[in-house]
Amino acid sequence: MKPYQADIGEIFKEFGTNEQGLSHAEVIERLEKFGYNELPEKDRVPVWKRFLAQFHNSLIYVLLASSVLTALLQDWLDTGIILGVVIINAIVGFAQEGKAEKALESIRKMVKYEATVVRGRLIINVDSRELVPGDVVILKSGQRATADIRLFESHSLKMEEAILTGESVPVEKHTRPLEGDLLPGDQKNMVFSGTYATYGRGRGVVVATGTNTQLGQISTLLTDISKSSTPLLQKIEDFSKKLSFFILAVSVLFGVVSWYLHRFGFQDILVNTIGIIVAAIPEGLPAIITITLALGVQQMALNKAIVRKLPAVETLGSVTDICSDKTGTLTKNEMTVLEVVTDAETITFDGSGYDITGTVTGNIDHPVVRNVFMIFDQCNDAQIRFESDQTLLNGDPTELALKVMVLKAGIHQSTLERLATIPFDSAHKYMAVKVKDGDSIKLLVKGAPEKILELSDLSVEAKAKLRALFNHKASNGYRLIAAAWKELKDKSRTLTEADVTNLNFAGIACIIDPPRPEAAEAIAKCHRAGITVKMITGDHIETAGAIAKSLGLKNPEQKIDGQSLEKLTDEEWKKVALEYNIFARTTPLHKLKLVEALQSQQRIVAMTGDGVNDAPALKKADIGIAMGIKGTQVTKDVSDIILTDDNFVTISNAVRLGRGIFDNIRKAIIFILPTNAAEALSILVALVVGGTLPISAPQILWINMVTAVTLAISLAFEPAEENVMKRPPRKPTKPILDTYLVWRILFVGAVLAVIVYTLFYYAMYTYNSLELGRTIAVNALVAGEVFYLLNCKHIRHNVFSRDFFNNKHIFRAIGTLVLLQIAFTYLPVFQQIFRTVPLEMYHFALVLAGGLLLFLIVELEKFIVIRAFRISK
Ligand code: ATP
């Protein structure tokens, strides 16, 4: 018999379990028997394929074609060196990218899937890998099922099963046994691994785990694979292609020109043309950019922001609006009830957080007060347990605060039998339970006060009076929650929204949820960075206004609530989206509308979310940010970034890091390209004037290789510049290199070429030795790069404008490079391959002086050009 055909009693029997769940010993035993609840990892791309992929780049194709040409000319040394460089480059790229991939993989693994289970009678959260058949699982809206489950309790539980059935409309589940052979889509008493709860809650027994689940059988992956390419990487790839064509065209053109001018032989021209090609190609660039991105993502994970989709790193630098939830992100989410107001009595409490000690003032024995406490206590799913000297808390913070309040007052009563529940949902903003209280059946409701008023039977005047009270309390920053009730006749276990009307209003609780002290500073930082911060909350408009004011949000007087938002036309939405920063009593649909309205005005939007219904808004936003702690699995799955601490500060830090990473990529480009420009220029000049090449093709390859693997990579570790959060957001349409940076590349390339040429000719004529001239030229070029690397620590500011020694990787890289150059100059093997000769101290002094000169010229250039052309810093 299939689980959906069986009676729940039979299921309990078959799986050796009951409503209280398995004991820990049983779980361990079953884990051994059934293994972990996981699917085998998707086959990875084989190592050889990943290695070959390193060659799949237009820059490398050009190099390979050059090696074929040199082979045809039987120039075996050049062929060997070009191939050697291509292979070494591939090995280095492969190893580095492997490391980067591993880092990303481990970040991906930080996103754990949890399941709520009943084990040994306790409700606990466990890693869903550890689910075993027989486990009793509790599912709530927003959670993803991670095993196949036969339900024995369903409170309007609706599951979205698109992953299995393709049907995106959620299916309502029940617990009755079914007959016949049914497809998963029709098994309404079953919940399948990989599907989401979009509404309600339920309980059931795990009947299949791992590969035995329906999902396992169709072998779809549980974990989401993030895209590994980004718009930037695509741009770079495009750029590589264009660069390859450009280099080819220029080389051929100059080959023809030099033939015309000097009538060199065909072979000489070919060798020189290949020289230009080899010189101009920045073969290490693509790998360096990938590595910079990966290192950045790792750094963000250390800073509590898990990047799920790589493009987010770039987009972060362009964000113009951060739309943040209030509760828990801008506030501490440590709620404490300070007051309970009824028409008979007002009770006040002190104490903070969830500490159950504190004084209570007021007449708590008044029947009206008692009734309010009873409603808040019974219409509540939070749990507080006392174990030895610990207090264990489980549940929604608002509900925990209400439980603590009841405990503080010392009037906690035993749990009434619950017949049915309408769970809290941020769309309808209340929770209702149907309970048996002695002989009577009662409907107990708690929720947003205006909502409760709407559902109550009070007179218009009474409602107006209460609204004034709510406004007054909320303007002090209190989060309000109202209690109401009525008697019911129907004793069945059903409850629908239609039953929740004509309620008796009972009272309100005023809860304090203090703003996070560090959030105000982070918001100020965002403002300085040209980013607007908007607060989107389900809370009362006055509460939102009071908190916004204390956090320093812009225009706190201008606020709008869900009711007014409903009435807006599309055009009005656009205006409001830009002008207002406080959106209260919103529903998830408003979040989506807000994102759309902002995006239609070329704003780049980051939106936070936690609830199941926030998923569409997060998907639509340029950066969807999910909450790691209180967020539902659904929001995490669609998000680009997950905050492991739910804190707004982490968002502003991520923006800072994202901007820093983008800077580092730019730095790598403006560092690498001038070397290629200088090398290509030296050859071009030699060709045009008919002189000797100051650096041979093999030597050029040596330079490109050693500098890329040492110096360029070290720039990936540059900490973000201090002014990153003082600049406006980057326009996504802007090219990576602006005119100024292209100028910088050409300028530095030219200066470097002049220095290299000068030293080359000086040495060649003084000592009459081509080898010596070239050895000095190579060392001068490398020294120039070392010094220029220091210039690159800041693109626009002078290098001493911040801690010069803040990146130890740079100095390590320079040390390694010096050793490599010593080997290049003095080791006989290298002397043979590269035709180098030993240098004297005096020569090194010249080389260093050349490098230092370049350094000073570039700093001077920054100083003059940036001021003269008013280039923004
Ligand atoms: P944010 O969107 O900033 O996270 P929020 O958490 O206050 O704000 P909601 O969770 O939608 O937004 O809550 C809206 C209102 O619903 C609250 O102000 C409160 O009055 C009421 N409310 C919150 N939690 C519950 C609950 N568990 N049961 C009943 N009512 C609740």
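A: A salt bridge is taken here as a side-chain nitrogen of Lys or Arg within 4 Å of a carboxyl oxygen of Asp or Glu. The model is predicted. Aspartate 738 and arginine 796 meet this criterion, with their closest N and O atoms 2.7 Å apart. This pair links distant parts of the chain, 58 residues apart: aspartate 738 is in the loop between helix H24 (697-714) and helix H25 (739-767), and arginine 796 is in the loop between helix H26 (770-791) and helix H27 (808-826). Aspartate 738 has a relative accessible area of 19% and counts as buried, because the limit for buried is under 20%. Arginine 796 is buried as well, at 14%.

Side chains of opposite charge can pair when their charged atoms come close. A search of the whole structure gives 36 salt bridges. One of them joins lysine 593 and aspartate 570, whose closest N and O atoms are 3.5 Å apart. It too connects distant parts of the chain, since lysine 593 belongs to helix H20 (residues 588-599) and aspartate 570 to helix H19 (residues 570-579), 23 residues apart. Lysine 593 is partly exposed, with a relative accessible area of 29%. Aspartate 570, at 54%, is exposed.

Glutamate 571 counts as exposed at 55% relative accessibility, whereas lysine 574 is partly exposed at 28%. Elsewhere, Arg201, Asp381 and Arg418 are linked in a network of salt bridges.

Strand S17 (residues 440-447) has 7 of its 8 residues buried, so the rest of the structure largely encloses it. S17 pairs with strand S16 (residues 430-437) in the antiparallel sense, over 8 bridges. Within that pairing, tyrosine 430 stands opposite glycine 447 of S17. The two strands S16 and S17 form a hairpin with 2 residues between them, and glycine 438 in the turn has a positive phi of about 65°. S17 is also joined to S18 by 7 bridges, and these strands run antiparallel. There, lysine 446 has alanine 483 in S18 as its bridge partner. In a regular strand the side chains alternate between the two faces of the sheet.

Positive phi values also turn up at residues other than glycine. Asparagine 502 has a phi near 50°, and this residue lies in the loop between strand S18 (479-488) and strand S19 (504-512). Serine 156 likewise has a positive phi, of about 50°. This serine 156 is placed in strand S4 (residues 148-160). With a relative accessibility of 23%, serine 156 is partly exposed.

Key: Residues numbered from 1 in each chain as written. Predicted model: local features only at pLDDT ≥ 70, side-chain atom pairs only at ≥ 80, totals over all residues. Heavy atoms only, no water. Helix = DSSP H or I, 4+ residues; strand = E, 2+ residues; numbered from the N terminus. Buried < 20%, exposed > 50% of the residue type's maximum accessible area, 1.4 Å probe, protein only. Pairing = 2+ DSSP bridges.
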